Amino acid sequence: MVLHSFSSSTTTFAIAFFTLFLIGSSSAQLSENFYAKKCPKVLYAVKSVVQSAVAKEPRMGASLLRLFFHDCFVNGCDGSVLLDGPSSEKTAPPNDKSLRGYEVIDAIKSKVEALCPGIVSCADIVAIAARDSVNILGGPFWKVKLGRRDSSTGFFQLASSGALPSPASSLDTLISSFKDQGLSAKDMVALSGAHTIGKARCAVYGSRIYNEKNIESLFAKARQKNCPRNSNGTPKDNNVAPLEFKTPNHFDNNYYKNLINKKGLLHSDQVLFDGGSTDSLVRAYSNDQRAFESDFVTAMIKMGNIKPLTGSNGQIRRLCGRPN
C-alpha cells in the first residue's frame, strides 16, 4: 500500500474541491421530490388536465407518451420538441404531421404557471404527462424523477438525421438506436410496448400490409380496407388504425400477443418477433403483464434520465413553444 502525504493547504484545497464536486453532482441528479416545497400541487395540476384530455380523446394518452419519447431521443429530455419555428424539431420529418398533444402541454403549463410562476419546466411537464397518460389508461404508476430544465433551442438536424428510429427500422437498427441513448435491447422491447395504445397513419403502415410476408392475411386485409394501396400523397394517407386492435385504449400486454400472431401493425413492431434475438422477450411479456409493466417502468425512468439539463443549465420557459 502506498501512502500519500499532503500539506495542509493541499488537503484544504482537496476537501474544498471534493465538496464542490459533491454539490455539482447532486445538482445534476433528478429527484422524485424536486417540487415538493417549490410547487407542491404540480402533480395534481398536470393530472387534472391530462385526465380531461384523455377522457375527451383516449388517443391523446398515447400522443403525450410519444411526445416524451421524441423529446428524450433528440439531445435529451429538455423540452426541445415543444419549440415552435420553421426549423424546429416539430417540422423534422419524423415529427411533422405526426406528433400531437402540444395544446395539452400548453394547457398544463398555463395551469402550473398560475400556481407556481417560473418554477416547473416544460420538460418535466412532458415527463409527468407521459406517466399520467399510461396510468389513466390502465397502466402502471411510478414516481417520476424531476428537476429537468428547458433548452433554449431545438435540434432540427438531429431530429431529421436518424436519432429517432423509423417505423421501417430493422431489429438491428432499433437495438443500435436505443443503445446510442444508453438503453438496452430489453429496454427497447419494453418501451415498444407503448404501442399497446395509440394509432398510426396509413402512410406509415401501408407498405407493410401490402408487401410483407410475416403478417397474418386476414389482419392485413382488414387494414387494407382503410388504407388503399395507392394512397401515397392523398388524404387517405392520414387514415388511422389502432396500433393494437384488441384493447386500443387500454395499456396492457396484448401488443406482444399480437406480435406472436403476426399482427404487428408496423414493420418496426413485427421485427421484435420474427426469429431474432428479441423473440424470447416478446414471448415473456405476452405471458406476464406484470413483468412487462415492471420493465416498462424501469425503461421509462432510464429514458427520462437521458442528458437532462439541470442546475443552472437551460431555463424554465414561461411558454413551452418559445424560449424566454
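**Exercise 1.** What is the torsion about the S-S bond of Cys202 and Cys227, and is the disulfide right-handed or left-handed?

*Solution.* In this predicted model, begin with the bond itself: the sulfur atoms of Cys202 and Cys227 are joined in a disulfide, S to S 2.0 Å. The torsion about their S-S bond is about 75°, so the disulfide is right-handed.

**Exercise 2.** Determine the handedness of the link of Cys122 and Cys320, and locate both cysteines in the chain.

*Solution.* The sulfur atoms of Cys122 and Cys320 are 2.1 Å apart and form a disulfide. With -95° about the S-S bond, this link is left-handed. The pair connects distant parts of the chain, since Cys122 sits in helix α5 and Cys320 in the segment after α14, 198 residues apart. Cys122 has 0% relative accessibility and therefore counts as buried, and Cys320, with a relative accessible area of 2%, is buried as well.

**Exercise 3.** Describe how helices α2 and α5 are oriented and which kinds of residue make their contact.

*Solution.* The axes of α2 (residues 42-56) and α5 (residues 122-136) come within 9 Å and cross at roughly 50°; the two helices are therefore oblique to each other. Their crossing is right-handed. Among the residues making the contact are Leu43, Val46 and Lys47 of α2, together with Ile128, Ala129 and Arg131 of α5. The residues of this contact divide into 7 nonpolar, 3 polar and 3 charged.

Conventions. Residues are numbered from 1 along each chain as its sequence is written. This is a predicted model: local features need pLDDT of at least 70, side-chain atom pairs count only at pLDDT 80 or more; totals for chains, interfaces and linings use all residues. Side-chain values use heavy atoms; hydrogens and water are left out. Axes are lines fitted to C-alpha atoms, for helices over the stretch in contact, and angles run from 0 to 180 degrees between N-to-C directions. Helices (H or I, at least four residues) and strands (E, at least two) are DSSP runs, numbered from the N terminus. Angles under 35 degrees count as roughly parallel, over 145 as roughly antiparallel, 65 to 115 as roughly perpendicular and the rest as oblique. A crossing is left-handed if the near helix is turned anticlockwise from the far one by less than a right angle, and right-handed if clockwise. Contact means heavy atoms within 4.5 Å. Ala, Val, Leu, Ile, Met, Phe, Trp, Tyr, Cys and Pro count as nonpolar, Asp, Glu, Lys and Arg as charged, and the others, Gly among them, as polar. A disulfide is a pair of cysteine sulfur atoms within 2.5 Å. Buried means under 20% relative accessible area, exposed over 50%, partly exposed in between (1.4 Å probe, protein chains only).
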